[in-house]
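I opened this model to look up a few local features and to see how its chains meet. The entries below follow the order in which I looked.

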Amino acid sequence: MTINQLNKLKVPIFKINPQLNELAAIPMFEEKVAMANEILRTVGLPDLPPPAPKRTRKVKKKVSDA
Amino acid sequence: MFIEDRYEVEISEDISFFEFISEGKQGSIYKIVQYSPTNLKDVYNLGFGDKNLQTGQIDDKIITDNGDSEKVLATVGATVYAFVTQHPKAYIVITGNSAARTRLYRMAINKYYNDIVQDFYVYGLLNGVWRPFKANGNYKAFLIKKI
């Protein structure tokens with residue numbers, strides 16, 4: 001995903017800063033992650049709704065002249 | 001329209017770490033958003049807080065009162081869109097540190113709900129069960145997943 005692609009989406013103007021890569025590797029919200037893990041351990045994930053059925057076009061049968 | 005007014009954001013190359021500057025009555029405040037993996041595959045925690053430039057510490061309990069909370073929350077919401085472009089299968093868990101903070105998240109989701117549900121499944125954790133999000137639910141946590 002490039003910056004140009006990202007900026008065309010429903011997102012603000014993003015600028016990749018490689019200096020943040022180091023920070024990204026450091027867990028900064030460990031308490032929150034622990035809370036999330038506890039919720040996931042005890043509750044799990046919700047059942048997602050089934051995907052909407054694909055629309056199929058009805059093809060009219062040709063009436064043969066026979 | 002959702003996320004019209006928001007801050008510019010700098011991001012790490014793996015699109016998991018975001019930084020932006022809130023400008024308001026308290027001055028310029030560095031905000032951090034980090035998506036961290038959890039123990040479950042494809043499930044991430046959304047962490048959000050202020051960065052103290054002097055100490056380098058992150059504070060996710062502080063109430064900044066910088067007068068721009070809507071713009072800040074819209075920017076955080078926008079990071080979700082960016083994150084799921086890179087992780088389209090991701091579930092994102094959002095928890096607050098306090099009932100007040102969780103209520104603030106609920107109000108933010110509620111405000112943009114009509115836009116959000118076009119792109120995401122949204123659930124709230126109520127009495128130990130994930131339920132489809134409703135405006136007045138007294139939720140303990142939230143979970144979103146790209147449709």
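**Entry 1, one arginine.** I started with the contacts of Arg131(B). Leaving out residues up to four places away in sequence, I found that Arg131(B) touches Tyr123(B), Gly124(B), Leu126(B) and Gly137(B). I note here that the model is predicted. Arg131(B) sits in strand E8 of chain B, which covers residues 129-132. Is Arg131(B) buried, exposed or partly exposed? I put it down as partly exposed, because it has 13 C-beta neighbours inside 10 Å, and a residue counts as exposed at 12 or fewer and as buried at 20 or more.

**Entry 2, the contact between the chains.** I then turned to where chain A meets chain B. On the chain A side 30 residues are in contact, and on the chain B side 45. The elements of chain A that give two or more residues to this side are strand E1 (14-16), helix H2 (20-24) and helix H3 (30-43). Which of them gives the largest share? I found that H3(A) does, with eight residues. Sorted by class, the chain A side has 24 nonpolar residues, three polar and three charged.

I checked E1(A) next. E1(A) pairs with strand E1 of chain B, residues 9-11, in the parallel sense over three bridges. For Ile16(A), I recorded Ile11(B) as the bridge partner in E1(B).

I returned to H3(A) for its geometry. H3(A) has 14 residues and spans 19 Å from its first C-alpha to its last, close to the 20 Å expected at 1.5 Å a residue. I list Lys32(A), Val33(A), Ala36(A) and Ile39(A) as its buried residues. Seen down the axis of H3(A), the buried residues fall within an arc of 120 degrees, so they line one face of the helix. On the other side of H3(A), I find Glu30(A), Arg41(A) and Thr42(A) exposed.

What do the buried residues of H3(A) pack against? I traced them to strands of chain B: E3 (27-37), E4 (43-51), E6 (91-95), E7 (120-126) and E9 (141-146). Gly44(A) follows H3(A), and its phi is positive, near 80 degrees.

Technical notes:
Residues are numbered from 1 along each chain as its sequence is written. Chains are lettered from A and ligands numbered from 1 in the order in which they are written. This is a predicted model: local features need pLDDT of at least 70, side-chain atom pairs count only at pLDDT 80 or more; totals for chains, interfaces and linings use all residues. Two residues are in contact if their C-beta atoms, placed from the backbone, lie within 7 Å. Helices (H or I, at least four residues) and strands (E, at least two) are DSSP runs, numbered from the N terminus. Ala, Val, Leu, Ile, Met, Phe, Trp, Tyr, Cys and Pro count as nonpolar, Asp, Glu, Lys and Arg as charged, and the others, Gly among them, as polar. Two strands pair if DSSP finds at least two bridges between them. The expected span of a helix is 1.5 Å times one less than its number of residues. The arc is that of the directions from the helix axis to the C-beta atoms.
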